[in-house]
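Dear colleague,

Please find below the structure that I am handing over to you.

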Amino acid sequence: MNLLRCSDVSLTDGQSARWAGGMTTPMALAVANRLAATGVAAIEIASPAALRQCVARGEDPWQRIELLRDRLPGVTLRAAVSLLTEHGRRGCDVISTEVAKLWLRELAQRGVREVVLIDPLVIVERMAPVLKEAKVLGLTTIAALPFAPERSDGDIQAQASALASAGASRVMLRDEAGLLTTDRLATLLPALRAGLHATPLDLHLRCQTALGPQVALEAVRIGIDGIDTTFAPLANGASAPALGTLLKSLRLLALGAPASEQTLHAVREADRMLGEMADRHGFPSGRAWVFDLAPWAHQLPGEVAARFMQQLAASGLAHKLHAFANECARIRSDLGAPPMLAPFARPIAEQALLHLSGEPRYAELRPGVRRALQQVYGAVPAAVDARLARRVGALPNTPAQTVAALRTAHAGASDAALVIAQACGTAPEAQPAAASPETFRYVPTTPAQALVDGLTARAARYARLGVQGPDIAIELQGTEG
Amino acid sequence: MLEHLKKLVAAETARTGKRRTIRLTDDTLRDGQQCLWATRMRTEDMLPIAQRMDRAGFLSMQAIALVQFDASVLFLAQDPFERIRLLRERVTRTPLRGAVRGNLMRGFFPVADDITELFIERQVANGIREIGVFDALLCSDNLAPSIAAAHRHGAAVAYLLGYNIAPGYDDALYARKAREGVERFGVESVTLADAAGVLTVDRVRTLVPAIKQAIGDTLLEFNTHCLTGLGPWLAIEAAVHGADSILTAVDPMANGNSLPASQMIARNLREIGFDVQVDDGLLDEVGAYFGALAEREQQPVGTPAEYEPSHYITQYAGGAMSNLESQLKLAGMTDRLPEVLEEIGRVRVELGSPIMVTPYPAIVSAQAVMNVLNKERYKVVPDEVKKYVCGYFGDLPLPVDANVKDRIIGNGSKDVALVPPVIEPVLPGLRQRYKGIGDDELLLRYMYGDEKINGLKPTPAGDSFSLQHPVVDLVEGLALRRRKAQVQVSGSDFALSVN
């Protein structure tokens, strides 16, 4: 067996799925060295979701990438790029080849060496030129191959071959809903191997069904070249498997070269630091989720699953999980069976929740559902419900703006800002500017301190305020009246 | 996975012409609290919820076993027979299940049949309607007196077969043992019991059908635990492959070291096409009660475990492992633990791979330590090991390696007779010693000694116990009154006035 490459996705998918995207740039910078000390093959520092989260917080996402690069000398940095966007701004539902090339260039200039290229619909013709450009820029290209349980091994194998032929340096099977089983791996992995020939095969999987860690081990046993992991406080549930558990289990099962004590110690240290951070900021711990069959029906990916499971519980609808899951499946079928990934999964879940809450089906259409029906992202695998399609009508084709036109329209904006505008649906002029590096110093704040800060900032709204809790008592004199 | 399971169930429904019903057996009050609360749930905390559990639709409810007897007397100073009685007053529709552990009562060595039989009689007399019987050697002779006693007193018998990962413990062995339970004893149900949660899904798919085929219409019950996080999946697959009932605990007393959750199993089994007749609303009420109780008692609730393969390899109970470690520490041999563990694996197989529950971890590890300490294996043989191979604990599930047996008999103490002596009845002596007390007390004094039994406290009975603040209860109580005059209540830190 070749040496297994473990790539870390804590700073992107891990914190998106488990901390609802709440890892600020100062937090990421504070832990970066600890993550690198574990010797992971690469660290993913950017993804479409992470860029969006940064912008929403008022942080410059490019500055985050630069600061992480400076903090991680000698570490292979990875970024994920998706050709489909979720924001719904006309003309950039699909990232044009030209903008994608620009995106890659901006990443490469900032030290990123590996790019995971995602097209949820796996339209190879629009991926190929981007893969080609990445190669020109000296990037290792990892083409995403989405897994869906209803698709045959043969279908997935054919896509894998096509991606390899299109120039991908590696192909990554991505099981964003954690639906792979050891039964399925037994046939799928050999088929993919046969289809890929010498192109390395990586695996990215989530743990919504609790099978993730078992599937990861079985995948290593059958033979994969790389796997995405996170650190324990950001692992399991809707996230990827935990690196520490994986390494210990591999050692126990004598699979591959055993991890050294030094490595395991470094992993424990990173786990500990992230655990303390989670505790300090009130993020939930990285607990496993309980096995359930519902994910095989709703197929919701990572953070979308996390958000909607939480929403069901908060609305007292946890007992209707299967009804929700089946409604997701029905809506998906009405939309022509798109892959359960961004930009399709979230609107489908929103629509299902509307139906579950007692609204007549499709009385209201979520905007993302409307766009999916209009097929703005490209052709979906099956027929769209004709009645719904008629209802939303066809959308006039809005051609993507050329980069030259974008530069003209936003004369003061940098190419980097244009990329963010296209990916996140924001105005290039309204993007957060780079801040002084000093502002990114991580200051550990306890929840109690955060509460006091928040209450003090709102002193005008009260005269006196008291907070009592276990081990805490706060008395504040306000300025009202 | 979902579609595949649905197809399997649909094919069965088409073949038989009817949807199969899967029952749930509740194990919250016995195993759930054993796994999560170290068996510290008090009787009075079970009573307020017992009636609702009774109405939830369980096939039966496990009320008590030896561990609960121990914890009740030794740690809670409560009479376990009283627990059975108080539960029985409230649980009137659902059979309550008790248990015996072969012929070992609560100790390390086999005891006389008369005391085991009385133990069963008194469980039944206090309200138990089913007796679970388990022997770690799968030795049916050890269970024969218990089964006969249970049947004699009108109780049904659940025949437990402990799952074991070891050479020779194949599907055929389990099928043979299960058939024996049904044909020889006429037991009412067979339970495949996976105490360590180490069954794999592949094994469930062959083992459950093999046992089901061997026992025909007799009810097949499935038990597993969630230490690897796979328990719920195993339980669902077991139902699909022929199990009639699943042992579950009500969430949040489920998952982690505990059993799969009743609510989750019911919903998922229905989803793939089975009928499951439990009242989900009541189960959620029961779960809310235990959640609040856990919070008040500062006890943990079950949290799903992350999958780790180490569980399949050690199979060495946590308690036994800590004993071994402290013994090696005393002997100044802590550094030889890995060697001893490896030797334990070898000795265990040579001794016929008994299931590693009391007393077998101690017997196997005693020999393993001797083998590591001395240059020649089996040169020094602890008495218990010689007794074990000579059948003092019962017939062995698999033959002991012949060469090993020769060495054990040759090198073991000559004081240990090759043929086990007949165990003399103990009741005549006990009755002589304790005159004028009832059989429940007699049994408890035999099991735990006079000092412990003298210290037992009566359970504060009554179902008025509430997890809410007393003021909330007061307001609710007042709101329920049909005639409302003006009511004024004042206390040290509150005043309430109701019109």
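Predicted model: local features only at pLDDT ≥ 70, side-chain atom pairs only at ≥ 80, totals over all residues.

Chain A is divided into domain 1 (5-281), domain 2 (294-392) and domain 3 (445-477). Between domain 1 of chain A and domain 3 of chain A, the C-alpha centres are 40 Å apart.

The main finding concerns strand β6 (residues 170-175) of chain A. Six of its six residues are buried, so β6(A) is largely enclosed by the rest of the structure. In a regular strand, side chains alternate between the two faces of the sheet. Both faces of β6(A) are covered: on one side A:Arg170, A:Met172 and A:Arg174 are buried, and on the other A:Val171, A:Leu173 and A:Asp175 are buried as well.

β6(A) has strand partners as follows. Strand β5 (residues 140-146) of chain A pairs with β6(A) in the parallel sense, over five bridges. Within this pairing, A:Met172 in β6(A) stands opposite A:Ala144. Strand β7 (residues 201-205) of chain A also runs parallel to β6(A), and five bridges join the two. Here A:Arg174 has A:His204 in β7(A) as its bridge partner.

A right-handed β-α-β unit is made by β5(A), helix α7 (residues 153-165) of chain A and β6(A). Another right-handed β-α-β unit consists of β6(A), helix α8 (residues 182-196) of chain A and β7(A). β6(A) therefore belongs to both units, and is largely enclosed by the rest of the structure.

With kind regards

Technical notes: Residues numbered from 1 in each chain as written. Chains lettered and ligands numbered in written order. Heavy atoms only, no water. Domains from an automatic or database assignment. Buried < 20%, exposed > 50% of the residue type's maximum accessible area, 1.4 Å probe, protein only. Helix = DSSP H or I, 4+ residues; strand = E, 2+ residues; numbered from the N terminus. Pairing = 2+ DSSP bridges. Right-handed = clockwise from strand over helix to strand, strands pointing away.
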